[in-house]
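The stops below are intended to be taken in order.

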Amino acid sequence: MVAAEPRRGGSASPDDGGDVRHGKCGIGRRRAGETPTSREDSIERHSPDAIEAEYDRLAADYERRWRRYLDASIAATLSRLRLGEPERVLPERVLDVGCGTGLLIARLAEPLPDARLFGVEPSAGMLRMARAKRLPRAALVRAVAEQLPLRALSFDLVLTLSALHYWHEPAAGMREIYRVLRPGGRVVVTDWCLDYLTTRAIVGQLRLTRRPLGRVFGAAALRQLLEGAGFADVVVERYRIGLVWGMMTAVARKL
Ligand SMILES: C[S@@+](CC[C@H](N)C(=O)[O-])C[C@H]1O[C@@H](n2cnc3c(N)ncnc32)[C@H](O)[C@@H]1O
């Protein structure tokens, strides 16, 4: 496997089960001089270790417990990719950031029968579930969005699904996605959307009960995050999953 190269002391490649996580790379606190731009941004974020431990704990039951949400969020994301359109050039190398148990990667196998699929995921428990699927044409690495152990300019499409609200450094993660995309490549971000009252209520409840969480974005803030990383042609769509989940999917391009 030659897709991944170690970066800044990291040793991860899809084959060696390498480990490039916050604890190992020194990310974990807001950078000195970084000023909060919204109330959400000023909230103290949980440590990456707490988030990792939460997902290690949830991993075995994750897909069963969240099935309906997962099916709906994957379908909403894939529909916005419009992979079925006849004139669409299909991506050959695709990355899922925060791939969890690998469900999205599994669902990409059919519409992208020739693509090489990659996933990065910090939770060892979630990664174990993903690897147990023995996904064909897929390589899975333990890593965080903020430090992708992957070559620059090596992907046509990067997706991230329901993971952004856990990233400790969203701007750094988005810059990493920009770095690994080829010019013309697309990023697709699906996540909870803070513009919905119901989402704000859920987030408030999670904060009250001190459940691990990072920053939750609204549509305007997500657009800003993408444009700040250098992306163009940003389109953010908001929608609901069921009555409760206020969601959004952003599609953007690296020029
Ligand atoms: C709600 S799950 C979503 C998993 C998968 N994308 C899905 O849709 O089923 C959130 C995932 O984000 C991962 N995650 C947490 N912090 C991350 C980070 N800094 N970079 C990448 N992924 C992260 C978690 O370990 C967890 O697997």
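**Stop 1: Ala-139**

Select Ala-139, which is partly exposed because 19 other C-beta atoms lie within 10 Å; a residue is buried with 20 or more other C-beta atoms within 10 Å of its own, exposed with 12 or fewer, and partly exposed in between, C-beta atoms being placed from the backbone. Ala-139 is found in strand 4 (residues 138-143).

The model is predicted, local features need pLDDT of at least 70, side-chain atom pairs count only at pLDDT 80 or more, and totals for chains, interfaces and linings use all residues. Residues are numbered from 1 along each chain as its sequence is written.

**Stop 2: the whole protein**

Zoom out to see 10 helices and 8 strands; these are DSSP runs numbered from the N terminus, helices being H or I of at least four residues and strands E of at least two. Of the 255 residues of the protein, 44% count as buried.

**Stop 3: the ligand**

Which residues are closest to the ligand? Among the 22 residues that surround the ligand, the closest are Gly-98, Gly-100, Ala-145, Ala-163 and Tyr-166; a residue counts as near if its C-beta atom, placed from the backbone, lies within 6 Å. Colour helix 3 (48-58) and helix 6 (103-108), each of which supplies at least two residues of the shell. The shell divides into 15 nonpolar, 5 polar and 2 charged residues, where Ala, Val, Leu, Ile, Met, Phe, Trp, Tyr, Cys and Pro count as nonpolar, Asp, Glu, Lys and Arg as charged, and the others, Gly among them, as polar.

**Stop 4: helix 8 and helix 10**

Next, show helix 8 (residues 170-180) and helix 10 (residues 219-228), whose axes come within 9 Å and cross at roughly 50°. Axes are lines fitted to C-alpha atoms, for helices over the stretch in contact, and angles run from 0 to 180 degrees between N-to-C directions. Helix 8 is therefore oblique to helix 10; angles under 35 degrees count as roughly parallel, over 145 as roughly antiparallel, 65 to 115 as roughly perpendicular and the rest as oblique. Pro-170, Ala-171 and Met-174 of helix 8 make the contact with Leu-225, Leu-226 and Gly-228 of helix 10, contact requiring C-beta atoms, placed from the backbone, within 7 Å.

**Stop 5: Arg-210**

Finally, select Arg-210 in the loop between helix 9 (197-208) and helix 10. Arg-210 is exposed, because 9 other C-beta atoms lie within 10 Å.

Methods. Contact = placed C-beta atoms within 7 Å.
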